[in-house]
Amino acid sequence: QKNQMSVKSCLTNIVNELQPNKINIKIPDNDITVLADESKLEIVFSNLLKNAMDAIGDNSGNIEIKYHDEENYVVIDIIDSGSGISEDDINKIFEPLYTTKQTGTGLGLVSCKNIIEQHGGKISVKNNPTTFTITLPK
C-alpha cells in the first residue's frame, strides 16, 4: 500500500518512541516525501536506528540522518558514531540468520533489505563512519 509519505515525520515518530538516553539523533529540518508503504518503512528505519543505538552502546554518541533528492530517487543516510562493522562482517550482514549480537535473530537487516527491494530501492553499508544508505525511487 504505497502513498506519498513524509520521511521526516516517520523518522520523528520512531525517534520519539525509541527515546534514546545518551544518544543524540539528528533529523534534518527540511522534509522529503517518497511514494512508499509507511508501515514497512517504519520497520526499516526503526531497525536501523536500534542497530545504530546498539552499536554505540552505553556510551554517549550521535546518529545523524541525512536525506536528499536526486533526479528519480530519494537517498537517505543513517550515520552513527559507533565502533563500526568489522571487515569480516560487513559483507555478510544482509545474509539471513547472520548476527553479531548475543540475542539477535539475524533477520532484521534481511527484512530491511527485502522491504527496500520491494519498493524498487537499494540498501548498502560502509564504514568510517558507519553509514547505511537507502535509495528509493520517487
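1. Helix 2 passes helix 4 in a left-handed crossing. In this predicted model, the two helices pack at an angle of about 145 degrees, and their axes are 9 Å apart. On the side of helix 2, the contact is made by Lys40, Leu41, Ile43, Val44, Asn47, Leu48 and Asn51, which meet Gly108, Leu109, Ser111, Cys112, Ile115 and Ile116 of helix 4. Classified by residue type, this contact of helix 2 with helix 4 comprises eight nonpolar, four polar and one charged residues.

2. Helix 4 covers residues 108–118, and its buried residues are Leu109, Val110, Cys112, Ile115 and Ile116. The packing partners of these buried residues are helix 2, strand 6 and strand 7. After helix 4 comes Gly120, which has a positive phi near 80 degrees.

3. By class, nine nonpolar, one polar and three charged residues form the contact of helix 1 with helix 2.

4. Is Phe132 buried or exposed? Phe132 lies in strand 7 (residues 130–137). Its relative accessible area is 8%, and a residue counts as buried under 20%, so Phe132 is buried. Leaving aside residues up to four places away in sequence, Phe132 touches Leu48, Ile76, Asp77, Ile78, Ile85, Ile93, Phe94, Leu109, Ile123, Ser124 and Val125. Of these, Leu48 also takes part in the contact of helix 2 with helix 4, as does Leu109. The C-alpha atoms of Phe132 and Asn47 are separated by 11 Å, although the two residues are 85 positions apart along the chain.

5. Most residues other than glycine have a negative phi, and most peptide bonds are trans. Asn128 has a positive phi, near 60 degrees, and the peptide bond from Asn128 to Pro129 is cis, with omega near -10 degrees. Asn128 is found in the loop between strand 6 and strand 7, and Pro129 is placed in the loop between strand 6 (122–126) and strand 7. With a relative accessible area of 73%, Asn128 is exposed.

6. As to the overall fold, the protein chain contains four helices and seven strands. From the N terminus on, the order of elements is β-α-β-β-α-β-β-α-α-β-β. Among contacts with a separation of 6 or more, 68% are between residues 24 or more positions apart.

7. How does the radius of gyration of the protein chain compare with that of a compact globule? For 138 residues, a compact globule would have a value near 14 Å, and the protein chain has 14 Å, which agrees. Along the principal axes, the C-alpha atoms fill a box of roughly 35 × 30 × 25 Å. Buried residues account for 45% of the 138 residues in the protein chain.

Terms used
Residues numbered from 1 in each chain as written. Predicted model: local features only at pLDDT ≥ 70, side-chain atom pairs only at ≥ 80, totals over all residues. Heavy atoms only, no water. Nonpolar A, V, L, I, M, F, W, Y, C, P; charged D, E, K, R; others polar. Buried < 20%, exposed > 50% of the residue type's maximum accessible area, 1.4 Å probe, protein only. Contact = heavy atoms within 4.5 Å. Rg over C-alpha atoms; globule rule 2.2 N^0.38 Å. Axes fitted to C-alpha atoms, helices over the stretch in contact; angles between N-to-C directions. Left-handed = near helix turned anticlockwise from the far one by under 90°.
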